[in-house]
Amino acid sequence: MLQLARRRLRQLRRAWHSEIRAIASRGSVRPRTVLYESFAGNGALCNPEAIFRELLRAPDMADLRHIWVLDDPKRHHDIRREFAGDPRVRFVKYRSAAYFRAIATSGYLINNATFPHEFGKRAGQTYLNTWHGTPLKLMGYDMPNGAIEAANTLRNFVSADFLLSQNEFMTRQMYEQAYRLRGAFRGLILEEGYPRVDRQVIDQNEFLDGRALLEAAGIELGGRNIVLFAPTWKGDSFSSPDDDAMQLIESARQLQSLLGSEQYVVLLKTHQAVHQLAAARPEFRSLLVPNDIPTNVVLGLTSTLVTDYSSIFFDYLQSERPIVFFTPDVAEYSASRGTYFPPEELPGPVCVEVAQVAASIRAQAAEGADSPWATTRRDWRERFLPRDDGSSASRVVDAVFRGVLDPQRALSVTSDTRVPVLLHLGGMRSNGITTSALNLLSSIDHDRFDVSIVIGKPWSAQQRANQGLIDPRIRQFHRAGGMNGSKVAHLLRRLSQASARPEDHRALASQARLWDAEWKRCFGDLRFGAVADFSGYSPFWATLLLHSPGSTRSIWMHNDMASEEHRLIRGRKRMRRSLRAVFALYSQFDRLVSVSDSLSAVNRSALAESYHLDPAAFVSARNLVNESRVLTGIGANLADLAGHPLDEETQLPLVPGWVDDLATHEQKNWFVTVGRFSTEKNQARLLRAFAKVHELRPDSRLLIVGYGPLRSTLERTAENLGLAESAFVVGPYANPFPIMAAADCFVLSSDYEGQPMVLLEAAITGLPIVSVDFGSIEDALPEGEMRVVDQTDDALAEGMLAFLDGQVGPAHLDVAVYNAAALREFDDALIGVRRPGNTRRA
């Protein structure tokens, strides 16, 4: 009961916050209010803090009001105490109602990381994302699993008006390449250095004041030189930071012991992701740098920096003082995350043991200004800190708040001759649409198209595996979080969908605001020449893509859509309501793209009159086939395929008996089919037909490969027909191609199909093919490449017997010719001439 009560409370809190956001989003933006957030409220820190203080000093900015986001206002005593009497400055708690109101109404938004999933920039807001360092470790799409881990960062970046860059390397390598912003980001990249580094440029009084801050925090300096140990965070996901606190403190204490306590004091500065873990441990108090003291203030007090893969060393280059890199896990880290520079190129000695670190600190302290390491540090400073001269904050304020831009430093990266396109791929589950999408993305002309895709955040292992196959050149948006808006607005949205009122999302002002805001939340300020719902089954996604500003819009029809509407799933027509809502939206798309000419005719005949659709909008573009995937897959050993059942005790794969029989054949003839176990595939008809074949030819065998809700039904059907030893329902197999290649004939028994990709794959393996007739079969393969029979048990059995009698020859497919034609069709369908009737309301 307590757990249920807590869940209900969380639901109520989310609903309340949703209403707060909805109310705030209808209010006016306050053009002279600035909101600052650093590391999700982990303090008044980093570049936002330096910009905040610059604005406070500026006479012409005295009218500004400032809001700081803090994760727990009770923790951050110093900043609250400093501005307790200043009416211009106030504080809000991260993710509180006041926080969401402030995000929705502040004229300026400044963040050094990311706003949460609920954030969507409004008209009249200016968003500056400063980020928090020149990267040494790989970022964005350059790091393992980067597309998933970087999804919210990319969403924030494309929403920003300004991105702050410390140097050219950061602009090119991180923003343009690692986060795929080249050709997409519509704001400006300010290559003006980092305001936070201004805090390192201090005089003697500021030096003494800084040391006094550390002393007041309980750290005994005693006139000693500060050695700052500032390692990065070693985790892979910000949602689950690793607690390596004890290892850090042990290294710091060992270094202090080796250096002695007369000349040096070793302080520890942890990454923001683990600071709270460290601050909660009493053993850290004597050496942990408090989070409320800006890191760059501490760097200005530091005589030697010890770090590993942290970007902090780039800032410290401004001082030209010694740097030591402590990387005991360099091989492991390089393999799991990676860095942009190899260890031998770094501007300081690289050590794997604490004793080496201590020796390097002493050695560098004794070196002169012309030593090799000092020369290397100067070279790196010139390369990576060319604008960190103590005035970065004033130049950033000039650009963002005064509109004074240096054309050499305010960079646009939108110039691109390619056509920007956005494709919605669906749920990324293992099915024909996902396979077709992956095949397309691996073959599309990336010199002609700048391709982005959008999917829901992949949660299951299957979805993540399929997402991992997406071509790395493609920009990925993973929609996370829910649609903003009031409960009343969402009720109207659902009623409109249920009533199939297709114009409501545009005609009703509240609905238009709702959908436009969701587009902005997902895609920021991006613009696409063409958008396509490549999945084509979801009214939500179809509607959202119709709110793409100024795009040509297409929706794909991968199947006989009228038949899909009536498909039974667990005894019910579960897609009927959602597909009718999709059909009602068809008239607002420029093109309705079926995946073959014959299927286009089927869909046009079934839907054009009923939904008042322009027949000219129906076009076709065949799916592409991945020949290398098939041919590579064929080479796998049947016994080693992932998908065999597991032993209940050992959980090791059990190789089924049919595998050996298929591999050896033993004078048997094997039929095979591959597909989802669902009603429209009608594998039950295949079993009944095969029973007739088997009665006449006992040496025949049948494999039904796939997965789905009808598995147990098909197994019972086989058993009832007396086929338990000759017909096998197996799978799922991620790689079914060795099974297909080892069989003798492929059979398709579907009631209807879109473009059956499995027939193309069967043709690549050279299998003879027998298929029942359905609306789109006539152009599924080149003429004469398969035997097509009526949709009856007897006709299918006759076709299978015809193969056994040598009357059905192997199928063939010239993949190069086929794919080239399919790509031309895709180009025409995606970016053909827009129909004037579909111009979106401004």
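**Labels and their cut-offs**

Mentor: In the protein chain, 73% of the contacts between residues at least 6 apart in sequence join residues at least 24 apart. Contact means heavy atoms within 4.5 Å. This is a predicted model, in which local features need pLDDT of at least 70 and side-chain atom pairs count only at pLDDT 80 or more, while totals for chains, interfaces and linings use all residues. Residues are numbered from 1 along each chain as its sequence is written, and side-chain values use heavy atoms, with hydrogens and water left out.

Trainee: What makes a residue buried or exposed?

Mentor: Buried means under 20% relative accessible area, exposed means over 50%, and partly exposed is in between (1.4 Å probe, protein chains only). By that rule, 57% of the 842 residues of the protein chain count as buried.

Trainee: Why is Gly-218 called partly exposed?

Mentor: Its relative accessible area is 47%, so Gly-218 is partly exposed. Gly-218 sits in the loop between helix H9 (204-216) and strand E8 (225-230). Not counting residues up to four places away in sequence, Gly-218 touches Arg-285 and Ser-286.

Trainee: Why is Glu-54 called buried?

Mentor: Glu-54 has a relative accessible area of 18%, and is therefore buried. Glu-54 belongs to helix H2 (residues 46-57). Apart from neighbours within four places in sequence, Glu-54 is in contact with Ala-393, Ser-394 and Val-397.

Trainee: What makes Ile-769 buried?

Mentor: Ile-769 has 0% relative accessibility, so it counts as buried. The residue lies in strand E25. Among the residues that Ile-769 touches, leaving out those up to four places away in sequence, are Phe-746, Leu-759, Leu-781, Met-786 and Val-808.

Trainee: What makes a run of residues a helix or a strand?

Mentor: Helices (H or I, at least four residues) and strands (E, at least two) are DSSP runs, numbered from the N terminus. The protein chain has 34 helices and 26 strands.

Trainee: Why is H33 called largely enclosed?

Mentor: Nine of its 12 residues are buried, so H33 is largely enclosed by the rest of the structure. Among the buried residues of H33 are Leu-796, Met-800, Leu-801 and Phe-803. The cover over the buried residues of H33 includes H29 and the strands E21 (669-674), E24 (745-748), E25 (769-772) and E26 (787-789). H29 has buried residues too, including Leu-686, Leu-687, Phe-690 and Val-693.

Trainee: Why does the phi of Asn-145 get a remark?

Mentor: Most residues other than glycine have a negative phi, and most peptide bonds are trans. The phi of Asn-145 is near 60°, a positive value in a residue other than glycine. Asn-145 is in the loop between strand E5 (126-129) and helix H5 (146-149). At 37% relative accessibility, Asn-145 counts as partly exposed.

Trainee: Which label does Asn-682 get, buried or exposed?

Mentor: Asn-682 has 14% relative accessibility, so it counts as buried. Asn-682 lies in the loop between E21 and H29. Its phi is positive, near 50°.

Trainee: Which residues does the cis peptide bond join?

Mentor: The cis bond joins Gly-731 and Pro-732, with omega about 5°. Pro-732 is in the loop between strand E23 (727-730) and helix H31 (737-742).
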